[in-house]
Protein chains: 2
Amino acid sequence: MTIRRPTIGVFDSGFGGLTVLKALLEVIPDADYVYFGDTARLPYGSKSVETVAKYAVEAAHYLESNGAQMLVIACNTATALALDRITAAAHVPVVGVVEPGAEAAAATTKNRKIVVIGTEATVSSHAYRRALEARGLEAREKACPLLVPLVEEGWVEHPVTEQIARIYLGEAFADSFHEADTMVLACTHYPLLKPLLQLVTPDHVCIVDSADSTACAVATHLQQLLPRTETSPERRASPRLKFFATDSTEKFRRLGARFLGRTIDDVQHVDLKE
Amino acid sequence: MTIRRPTIGVFDSGFGGLTVLKALLEVIPDADYVYFGDTARLPYGSKSVETVAKYAVEAAHYLESNGAQMLVIACNTATALALDRITAAAHVPVVGVVEPGAEAAAATTKNRKIVVIGTEATVSSHAYRRALEARGLEAREKACPLLVPLVEEGWVEHPVTEQIARIYLGEAFADSFHEADTMVLACTHYPLLKPLLQLVTPDHVCIVDSADSTACAVATHLQQLLPRTETSPERRASPRLKFFATDSTEKFRRLGARFLGRTIDDVQHVDLKE
């Protein structure tokens, strides 16, 4: 008996989740992936919990109907605002990015003081603060709404971006948090700014990218779901990647490659209303 | 016989169209207004023509079903990408912002060289260039994707915004356009940056805000549609304003007041899918 090669569904409001898919491909290369980017309705980061939950549940169902046996909510805003709703609506296991991110921060920090940067919606939800406080850590969350548009403008090494990052991080590390030793990137766009953020944060700060920790959490879940058979030839083939986008597929191909770090071929347009 | 007090429908992807509504209230105070902000799906500026057209037609129908006797597409991206589709789908007259903006630029320029700044989608559509070239003017369009998030962050007088504006306008007014004497604000968010943009543009440049010219165009159309009776007491009452938003009404009230310059009371949440 050969074990069926797993199909993992990855969901994001747009392109950012591709940084999580990139990490997944490194950690779990012996799986197939279906990715859903809700590019017609992005960004989620400035929207309300009701709207984000509705959109995310629609996307989750779409991925399930396309064979996903597990769902990765590779969007901090959707995880922070709607993980419970998505988990309740889905028929397969669901993994978000908040818990793995908090877990990685807990494993990294020495002085138990964490700064979390993310979108307005993620920060307002306080999902990270709750997850960190549950681990006995002290957290300060800081919304950085300009960083996503700066990444999308391609200004990932621009002096203006550095200045804006200095303003945001200056506020985040002010007062009682000046000695915080760990910073969580609670937005999947931010890994593209990691070199710049490393330059701007105090030297003693370690940056945690939840993409990597999420990929490890998914690998653990998967092992429980579909135990690996090292000898199965089916599991050793290259991953098949299929992408769905609600806005232009040409733009998804073009911008997405920057986040995934490889070319994107098989993109299909989806209209969720039909 | 008294002439019925007109109801004007105003549509935008979000809050920016409120700058057009503000201008309308000054020019046509003797009308009622229904405003639709598609805040759950904003911004339109980075989306494709198909997606923007679909959303805009849905919004137009919603405003018609709420009594609009005329539609003002107070969104440069929707006008640039989908005015034809909206006009074909609507049952009432439709006025966009591009033609009035181009008309105002033509009336302002002396050396017939115009710089147009707007979102990525508005610029890619070349709707302004076509409208200006049809009037014998030379146009350079420049996308400024960071300006909308900067306005929404409230950094309308921030040194970083000034720096970013200097970068964008430096490119816009480079080479053969250094002597352009008119700049069109082809995005309804930009009027909030007008003082800063005035500081950054060369002294000889006159800034044209299409909100004002659109309000005048609407007044002209309205006069043809429903001739004014100066003596009608119905026409002299204060305007009734009703707002619809597809995302959080609380956020619409809060952010919207900044664009409209007055408090916003009657906001109703709309879910276009239902």
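Begin by selecting helix 1 (residues 17-27) and helix 12 (residues 249-260) of chain A, whose axes come within 8 Å and cross at roughly 50 degrees. Here helices (H or I, at least four residues) and strands (E, at least two) are DSSP runs, numbered from the N terminus, while axes are lines fitted to C-alpha atoms, for helices over the stretch in contact, with angles running from 0 to 180 degrees between N-to-C directions. The angle makes helix 1 of chain A oblique to helix 12 of chain A; angles under 35 degrees count as roughly parallel, over 145 as roughly antiparallel, 65 to 115 as roughly perpendicular and the rest as oblique.

This is a predicted model, in which local features need pLDDT of at least 70 and side-chain atom pairs count only at pLDDT 80 or more, while totals for chains, interfaces and linings use all residues. Residues are numbered from 1 along each chain as its sequence is written, and chains are lettered from A and ligands numbered from 1 in the order in which they are written.

Two residues are in contact if their C-beta atoms, placed from the backbone, lie within 7 Å. By class, this contact of helix 1 with helix 12 of chain A has four nonpolar, two polar and one charged residues, where Ala, Val, Leu, Ile, Met, Phe, Trp, Tyr, Cys and Pro count as nonpolar, Asp, Glu, Lys and Arg as charged, and the others, Gly among them, as polar.

Next, select helix 2 and helix 3 (residues 76-89) of chain A, which pack at an angle of about 55 degrees with their axes 8 Å apart. That makes helix 2 of chain A oblique to helix 3 of chain A. Among the residues that meet here are A:Val52, A:Ala56 and A:Ala60 in helix 2 of chain A, and A:Leu81, A:Arg85 and A:Ile86 in helix 3 of chain A. By class, the contact of helix 2 with helix 3 of chain A has 11 nonpolar, one polar and one charged residues.

Now turn to the strands of chain A, where an open sheet of six strands has the order 4-3-1-2-9-10, with parallel pairing; two strands pair if DSSP finds at least two bridges between them. Strand 4 (94-95) and strand 10 (267-269) of chain A stand at the edges, each with a single partner strand, so one side of each is left without a neighbour in the sheet. Inside this sheet, select strand 1 (residues 7-12) and strand 2 of chain A, which pair in the parallel sense over six bridges, and find A:Phe11, whose bridge partner in strand 2 of chain A is A:Phe36. Helix 1 of chain A packs on the sheet, touching strand 1, strand 2 and strand 3 (70-73) of chain A, and its direction makes about 155 degrees with that of strand 1 of chain A. Helix 2 of chain A also packs on the sheet, touching strand 1, strand 2, strand 3 and strand 9 (241-245) of chain A, with its direction at about 160 degrees to that of strand 1 of chain A.

A further open sheet in chain A has four strands in the order 6-5-7-8, and its pairing is parallel. Strand 6 (138-143) and strand 8 (206-209) of chain A stand at its edges, each with a single partner strand, so one side of each is left without a neighbour in the sheet. Four bridges join strand 7 (residues 182-186) of chain A to strand 8 of chain A, and A:Val184 has A:Val208 as its bridge partner.

Two loops deserve a stop. Most residues other than glycine have a negative phi, and most peptide bonds are trans. The peptide bond from A:Leu42 to A:Pro43 is cis, with omega near -10 degrees, and A:Pro43 is in the loop between strand 2 (32-37) and helix 2 (49-65) of chain A. A:His126, in the loop between helix 5 (120-125) and helix 6 (127-133) of chain A, has a positive phi near 55 degrees.

Finally, show both chains: the contact takes 17 residues from chain A and 17 residues from chain B. Helix 8 of chain A gives the most to the side of chain A that touches chain B, with three residues.
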